[in-house]
Amino acid sequence: MKKSLVFIIAPLVAVLTLGTLNVVRKAHWKDVTDGVIWRVDESGLRAFRVDPDSEAFLRAGIRKGDVLTAINKVPVRTRSDVLKGLWQAATTDQSVTYEINKEGMQIYPTFYPQRKAPNPIYYYLVLVGVMTLAIALIVYFNSRGVISLPYVFFYLLALTFSGFMIFSPTGEMTALDTVFYGLDKLGFLAFPPLLLHFFMIFPLRKRFLKQHPSLRLALYAPAAAFLVSRLRMHITFPHPLSEAAVLRTQDALEHLELFHFAVFALITLAVLIHSTRRAPNILLKRQLRIIVSGLGFGVLPATIFYIVPFLAGARPSTGAELTVLLMALIPLVFSYSISRYRLVDIEVFLKKAATLTFSFFVIAVLYFFVSSRTRLFSENRLNAVVFGALAIVLGATLFTPLKRMFQTLLDRAIYKRSYEYRKTLLSITRDLNRERDLGKLAQSLLEAIANALNLKQLALFLADENDRHSFQVLKAKGEEAGPAARVVVDDWLAGALRDRDWLGFISASESEPARAAMEKLSAAGYYHVLPLRVEDKVVGCLVMGKKQDGSFFSREDWELLTTISGPAALALENADLYGRESVRALEMQRLKDYSEDIIESLTVGVSVIDETGLVIGWNRVLEDQVGIRKETALGRTLPDVLGPSPYSALFPEEGQADFRLLTEITLETAAGKKVFDIARTPLLDNTLKPYGTIIVFEDITDKIRLQQQLLTSEKLASIGLLSAGVAHEINTPLTGISSYVQMLQKKLTDPHYAQILGKVEAQTDRVAKIVKNLLTFARSPSDAAFQRVDLKQSLEEILSLIDYKLKNMNIRLVLELAAVPPIYAQGERLQQVFINIILNALDAMPGGGELGIRLSLEDGAEVVRISDTGTGIKPEHRSRIFDPFFTTKGVGKGTGLGLSISYAIVKEHDGRIDVQSEVGRGSTFSITLPVGREGPRQAAVPGPRTGA
């Protein structure tokens with residue numbers, strides 16, 4: 001480790017270590033006080049100030065001017081006697097009884113001493129001391145380890161200043177407390193001569209100091225004398241000082257030490273003012289001016305408002321005590337003076353620190369002022385709380401505007417004439433980041449710079465991405481004719497825009513290419529060029545003419561412009577990119593809308609899924625086909641949308657090819673079962689790489705239904721042709737049977753045989769009518785077949801035919817036939833309906849059961865209800881039981897035409913047929929036929945078939 005580093009670090013570590021210990025002990029130590037400041041005069045100890053929140057004020061009634069003569073009957077003559085009495089009482093937790101002379105009257109108040117915490121200002125001073133040590137380290141590492149006489153003084157200044165800021169005795173009177181007391185006094189006494197000596201040799205060395213070397217010793221002589229006097233107070237050999245002498249010496253030294261501090265600070269300030277006037281250059285003069293301002297604000301308020309009243313014998317006010325807050329500017333001053341290596345902008349740091357210091361000072365003064373006013377109302381606690389809250393609210397409200405005000409004042413003081421420039425350009429920098437329109441950005445930038453620099457003419461060039469020599473004139477401002485819409489520069493200017501911070505007409509005499517390039521621009525009225533770069537990329541440049549007074553730019557003008565070149569270039573590039581992206585986004589949106597319009601205009605359903613299986617497309621037709629809204633489908637997987645079963649039909653496990661066509665796929669949708677032809681193909685990008693799948697759904701449900709209806713029609717047509725032949729073949733033997741029956745009826749007169757032959761003849765006629773009805777079902781029905789029919793009689797005739805079958809199948813018949821009026825109908829065809837339904841009911845009860853036949857008159861219609869207790873109809877079959885050729889009886893057990901024919905017959909009678917069924921409990925068929933219709937029925941369109 002370098003010796004210089006040890007020399008610097010060791011004292012700083014020692015000060016920090018002892019300072020930390022001092023702060024900890026100070027925070028835990030509670031001093032004993034009665035809340036009264038006593039001052040010795042000819043009458044004794046007189047109350048000079050009484051804290052209105054203390055027990056002495058509130059309980060003992062002590063007021064300013066009262067004289068203290070004894071504590072607990074022990075006479076007191078000095079402030080030391082008061083402290084002894086208070087400590088004795090506080091140690092034993094006892095109260096104290098004062099003997100007070102109040103305007104000639106003796107009173108004996110009793111109260112308990114109070115424990116007083118450190119003043120909050122102490123912690124602020126500690127923070128200032130620590131900050132000073134941190135500044136010392138920063139300066140050391142920025143100095144690259146060079147240790148010269150100014151640096152030695154700087155480190156001594158930092159140590160002494162931080163010493164009397166951090167260290168403060170607690171009052172314990174221990175050995176460690178004595179060390180804190182000694183370091184505090186040593187720093188306070190050594191700092192003023194060190195500060196004066198430092199500024200007498202730096203930054204300008206005073207000649208009279210070199211001419212009179214003995215003057216250096218004279219600078220430190222007063223501090224040495226005060227230090228020796230302090231030591232004499234505590235030395236008991238050879239002749240100890242009396243207690244009264246110690247108190248008098250201490251009071252005198254406190255006054256002299258403050259006077260010493262103020263005088264040396266004022267002399268230092270005068271020396272700096274003298275050096276400022278004699279500064280050889282503007283930079284040094286500016287630096288000294290800042291040092292004078294900082295030291296003046298740090299020293300003068302404390303001298304005027306605190307030290308002078310104290311030396312005059314008055315007690316400084318609370319506001320005067322707060323002036324020590326401004327002493328934080330002092331370490332900033334001598335650190336600024338020594339900082340030569342500008343790794344950080346020390347001016348900015350100083351300005352911000354000074355702004356915060358001034359702001360905190362004003363807020364603290366305001367707070368303590370409002371707080372002190374509450375003492376007038378201290379006996380009213382509510383008023384005290386209200387005024388305290390008011391002080392806090394005022395402090396929080398005023399801090400921001402105060403900081404802004406002091407920052408403005410410092411800017412004006414430091415930058416003077418260029419303040420308005422900087423303010424304008426900083427506002428430009430702030431506003432540039434908000435503007436996204438390239439034209440508006442260029443306009444506002446040119447307007448602001450023209451107003452700030454008082455320019456006649458300027459323009460903003462935007463670089464071409466493909467040609468570094470070509471620039472587009474984005475915006476131009478000025479009375480003279482501007483350049484063309486596009487400007488092409490030569491090789492020298494293109495390279496200079498990439499490598500230099502700025503270009504001026506006056507400085508372009510370095511080479512012939514430089515002069516030629518600048519003369520070409522000057523011909524258009526432009527004499528200054530500010531490149532706008534983002535990293536190594538030239539995004540444009542700002543070309544400017546002369547000022548209104550005809551002058552060229554100064555270095556200060558270029559410094560101000562270069563501060564905004566970076567933000568302006570970045571904002572320009574962002575606005576340009578934003579504009580391009582906006583155009584591209586608009587084009588992409590148009591292409592997207594065009595594609596979506598095509599998909600939405602298709603007559604087939606289209607779904608698009610991405611490579612992760614999420615739905616990203618879902619057109620309007622598909623919404624209607626499957627009953628699922630687009631908003632519901634997007635962003636979900638296809639199995640979640642359609643269900644696992646339809647998805648497995650679309651993507652079978654055997655895998656999928658690039659193109660796959662699935663025909664007649666039945667899917668269960670929200671709108672019911674539907675049949676689709678489905679085409680599935682990969683979705684390819686412009687490199688033919690698949691990134692999804694397109695699925696096309698063509699609903700062919702109606703097409704399949706029409707095909708089935710056509711097939712049914714063909715079957716029915718075949719039945720019609722077959723029926724014509726069958727009718728001819730059946731009618732011939734029926735005629736013979738009918739003739740033989742009539743012959744037998746004439747010969748067999750026995751009533752028994754006559755009844756049997758009558759039934760045979762009736763059934764023969766019925767067979768003939770059934771054959772005729774079969775022909776009628778295959779063709780259009782005949783109106784001549786309608787006649788008055790008694791439904792009760794027709795049902796009784798049917799039951800006589802199935803009576804034997806009911807007994808064999810162990811089926812119980814429940815018959816409830818009400819007397820109803822005849823209706824105009826085709827009796828034989830209605831019997832066919834009843835027989836078909838009754839036979840189906842018997843087939844549903846192979847193990848026996850109950851058959852119910854009921855006839856009733858309801859709401860102007862005759863209703864026949866045929867019920868059974870059989871197997872019932874499954875829900876999925878209920879909607880198809882009236883379709884032709886649909887049967888659940890198995891091969892060879894049914895044709896599927898019975899209910900279809902029955903449905904057609906009932907519809908021809910303007911009636912309806914309803915079904916109610918429950919699996920395992922049976923079914924009920926209700927045939928409703930209208931009453932009161934006379935004459936042949938008109939042709940009617942069959943209505944819907946219903947089932948419950």
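Trainee: What should I know before we start?
Mentor: The model is predicted, so local features need pLDDT of at least 70 and side-chain atom pairs pLDDT 80 or more, while totals for chains, interfaces and linings use all residues. Residues are numbered from 1 along each chain as its sequence is written, and side-chain values use heavy atoms, leaving out hydrogens and water.

Trainee: At what angle do α27 and α29 pack?
Mentor: About 145°, with the axes of α27 (827-843) and α29 (898-908) 9 Å apart. Axes are lines fitted to C-alpha atoms over the stretch in contact, and angles run from 0 to 180 degrees between N-to-C directions. Helices are DSSP runs of H or I, at least four residues, and strands are runs of E, at least two, numbered from the N terminus.

Trainee: Which residues of α27 make the contact?
Mentor: R829, L830, Q832, V833, N836, I837 and N840. Contact means heavy atoms within 4.5 Å.

Trainee: New topic: how many salt bridges are there?
Mentor: The count is 19, taking a side-chain nitrogen of Lys or Arg within 4 Å of a carboxyl oxygen of Asp or Glu.

Trainee: What is the N to O distance for K477 and E447?
Mentor: That salt bridge is at 3.4 Å. K477 is in strand β11 (470-477) and E447 in helix α16 (438-453), so the pair ties together parts 30 residues apart in sequence.

Trainee: And where is I756?
Mentor: I756 is in helix α25.
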